[in-house]
Amino acid sequence: MRLLALVDSPDHVCCRYRIRAFEPALRDAGCSLVCQPLERYFLPRLTQLRDASRYHAVILQRKLLPSWQLALLRRHARHLIFDFDDAVLYRDSYDRRGPHSARRERRFAATVRLADTVIAGNDFLADCALRAGAAAESVRTIPTCVDPIRYLPRTERPTERGERPIELVWIGSSSTLKGLESQRTLWERLGGAIPGLRLRVVCDRFPDFQGVEVVPVPWTESNEAAELARGDLGVSWLPDDDWSRGKCGLKILQYQAAGLPTIANPVGAHVEMIEPGATGFLASTPDQWIEAVRAAADPAFRAEMGRAARSRVETHYSIAAWAPTFVASATGVDHQGSSSLRCGWSDARPAAPTPFVFRRRANHEPEPPARAVSPEQPRREQD
């Protein structure tokens, strides 16, 4: 079976962690994977969408296409998967126009209704798809995963214990650095309350805070795991909004895979991924942050939490744990009547693990009606 993934870029973080990470498992299942950046210009994109017919399945990652392009892709794709790990139906937290975009919402609804399979990075995103009209049986929740083998757990030399101040660590990109910078008062208050506190920032741009030493570490794919392990305590902060609730917690997973406990505010994936007092801390106020950092200053307690955090990643968020489900979802094996998509497997092959399908809340909200998607009216619209 040949699979095509239409993505931002094969090297984009979403493609690396949500598609290319499962390439060995796809290969073991007899499938080949081609990752292509979605063409920017009209004629190349037209050709690319038509060429979807050459593949057994197509994964469209995060992109919300105009209605005519989506219809063209749907016409040529034998099995269409939409994968997303951000609340792409909204604008991001820092957009001055606000979160809601009629164009994004309309394109998102059309995409999830037409896709054979919708793979959401968390339950909030799965709920967004269902509310937009996706068929309940088409929606899967597959979290962003990491390979713990890539991360060497933090080990503290005996001579370091108690002889140096604690070092926080944050990893991200220029776009997500805005969240860290927005909390300048918090970091500077932490620096004033905890003498010698350092903040290791693994990024392509670096902030400047007063009272806390920022250790700048230029990010590279090859060094990120080792640089995380040099810190003591991972930190993350998200705005309390719908865009942030769609985040899938990659930072947290990386900290935990590196054997670090984490402090974060209780928003979105943070609440699901951090078990307070066992794998880290959830802190809302500056005083709670200060208390959490002081508690984690005990090396033995910190190491115990780090071991528990890494164990949780291995069990719940590792590539190995989710590979069978991803392969089944991406190839259509978990859809009844999709025998033509089974890579030549016989019916005697063990069934794929049941995907984590989003379950509606206890109030039993009615299923949104399945509607045909009407073409968009030609008009100009600001995103």
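Of the contacts in the chain with a separation of 6 or more, what percentage comes from residues 24 or more positions apart? After that, please show me where α3 and α4 come together.

Modeller: Happy to! This is a predicted model, in which local features need pLDDT of at least 70 and side-chain atom pairs count only at pLDDT 80 or more, while totals for chains, interfaces and linings use all residues. Residues are numbered from 1 along each chain as its sequence is written, and side-chain values use heavy atoms, with hydrogens and water left out.

To your question: residues 24 or more positions apart make up 68% of those contacts, a contact being heavy atoms within 4.5 Å. The chain has 15 helices and 12 strands, which are DSSP runs numbered from the N terminus (helices H or I, at least four residues; strands E, at least two). Of its 383 residues, 51% count as buried (under 20% relative accessible area; exposed is over 50%, partly exposed in between; 1.4 Å probe, protein chains only).

Now to your part. Two packed helices are described by the angle and the distance between their axes. The axes of α3 and α4 come within 8 Å and cross at roughly 30°; axes are lines fitted to C-alpha atoms, for helices over the stretch in contact, with angles from 0 to 180 degrees between N-to-C directions. The two helices are therefore roughly parallel (under 35 degrees; over 145 is roughly antiparallel, 65 to 115 roughly perpendicular, the rest oblique). From α3 the contact takes F42, R45, L46, L49 and R50, and from α4 it takes W68, Q69, L72, L73 and H76. By class, this contact has 6 nonpolar, 2 polar and 2 charged residues (nonpolar: Ala, Val, Leu, Ile, Met, Phe, Trp, Tyr, Cys and Pro; charged: Asp, Glu, Lys and Arg; polar: the others, Gly among them).

Two of these residues also pair through their rings. The structure holds 7 aromatic pairs, meaning rings of Phe, Tyr and Trp (its six-membered ring) with centres within 6.5 Å; planes under 30 degrees apart are stacked, over 60 edge-to-face, the rest tilted. The rings of F42 and W68 have centres 5.6 Å apart and planes at 45°, so this pair is tilted. F42 lies in α3 (residues 42-50) and W68 in α4 (residues 67-76), so the pair links distant parts of the chain, 26 residues apart. F42 counts as exposed because its relative accessibility is 52%, whereas W68, at 39%, is partly exposed.
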